[in-house]
Amino acid sequence: MNIQEYFARISYNESHKDADLQNLTAIFQHHIQAIPFENLSMHCGETIELDLQSTYNKIVRKKRGGWCLESNHLLFWALQELGYDVCILGGNSYNPAENAYTEVINHILLKVVIKGNSYIVDAGFGGAYQMWQPLMLISGKDQSQTPGIFRFMEDNGTWYFEKVKRKHYSSEQSVSFTDTPELGNIRKIYTFTLEPRHINDFQELNAYLQVSPDNILRKKSICTLQTTEGLYALVGWTFSDVKYNYTEDTDLVKTTTLTDEEVEQILKDKFNIVLENKLVPVNVRGLPPNMVDIMKS
């Protein structure tokens, strides 16, 4: 594994001499705009191995993406190589359908300490709730970024990560809408504690997610990528192109329904992914055509 090869994969050719916030932000942005959040392996007959060499080969050399366990693990390695004070944390994702957080840890995120200040860095959540810059770990402070306003709230050692909702405008429907407006204007994302974790703590989760019939990653083939203006999202046969803040406090959403052949072409053209095995697109329960809330249950 080679840090320069990783830099080439994310098209990063700037200075990295100093392990400071400016370089961290630049590397992070290149990472999320080059490496998709995707679970396509489990929908084309591939097994996901949770070890660094396998993840490196898949994402860096084969130019694939990965889910949180893979993408954040690769970023963790890269930041360590560059001299950052970084550790792995575990999170419990929010499930809107049950209006509750998962009972067991099902997400990986990173904490980076720079000059005594702690930042949360998470390149593996995907969709409309992907941060674009490291977020300072401070309770109750609104932190505005292009995707929206993010916030941490801390209660007795448990941290809650959330985002202020924005309206979406669908050109196909010529109407503005807000996702689940009856639940208020705050979208819960996940909880976490500051207990350091090791990647091996997630081996059982990695195996479980690939076989559990009830988890959303089995029911939907997902590929999302952050762009300079918003994000691309492919769920089953539905492709969404989102532009953030198209008008004030409103995101523009354009959706297209694809054929199997068009799915392969979109993966190549928009996500720079060419699969070795045949993908079987899946969207068991279906998503509304303008849904961009790509989440893990």
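**Close-up views of a predicted model**

**View 1**

**View 2. The buried side of helix α5.** Helix α5 spans residues 203-211, and its buried residues are L205, N206, L209 and Q210. These four lie on the same side of α5 because the arc they cover around the axis is only 130 degrees. Among the elements that cover the buried residues of α5 are α4, the strand β4 (107-114) and the helix α6 (216-219).

**View 3. Helix α3 and its packing partners.** The buried residues of α3 are T55, Y56, K58, I59 and V60. They pack against two helices, α1 (3-9) and α4 (68-81). After α3 comes K63, which has a positive phi, near 55 degrees.

**View 4. The second largest pocket.** This pocket holds about 260 Å³ of space. Its lining consists of 15 residues, and those nearest the centre of the pocket are S41, E46, K58, K62 and R64. By class, the lining comprises 7 charged, 5 polar and 3 nonpolar residues.

**View 5. Helix α3 at the lining of the second largest pocket.** Helix α3, residues 52-61, contributes 4 residues to the lining of this pocket, the most of any contributor. K58 is one of the lining residues nearest the centre of the pocket, and K58 is also among the buried residues of α3.

Note on methods. Residues numbered from 1 in each chain as written. Predicted model: local features only at pLDDT ≥ 70, side-chain atom pairs only at ≥ 80, totals over all residues. Heavy atoms only, no water. 1 Å grid on protein atoms, 1.4 Å probe; cavity = no way out; pocket = protein on both sides within 12 Å on 5 of 7 lines; lining within 4 Å. Points joined across faces, edges and corners; volume = space filled by probe spheres on them. Nonpolar A, V, L, I, M, F, W, Y, C, P; charged D, E, K, R; others polar. Buried < 20%, exposed > 50% of the residue type's maximum accessible area, 1.4 Å probe, protein only. Contact = heavy atoms within 4.5 Å. Arc of directions from axis to C-beta.
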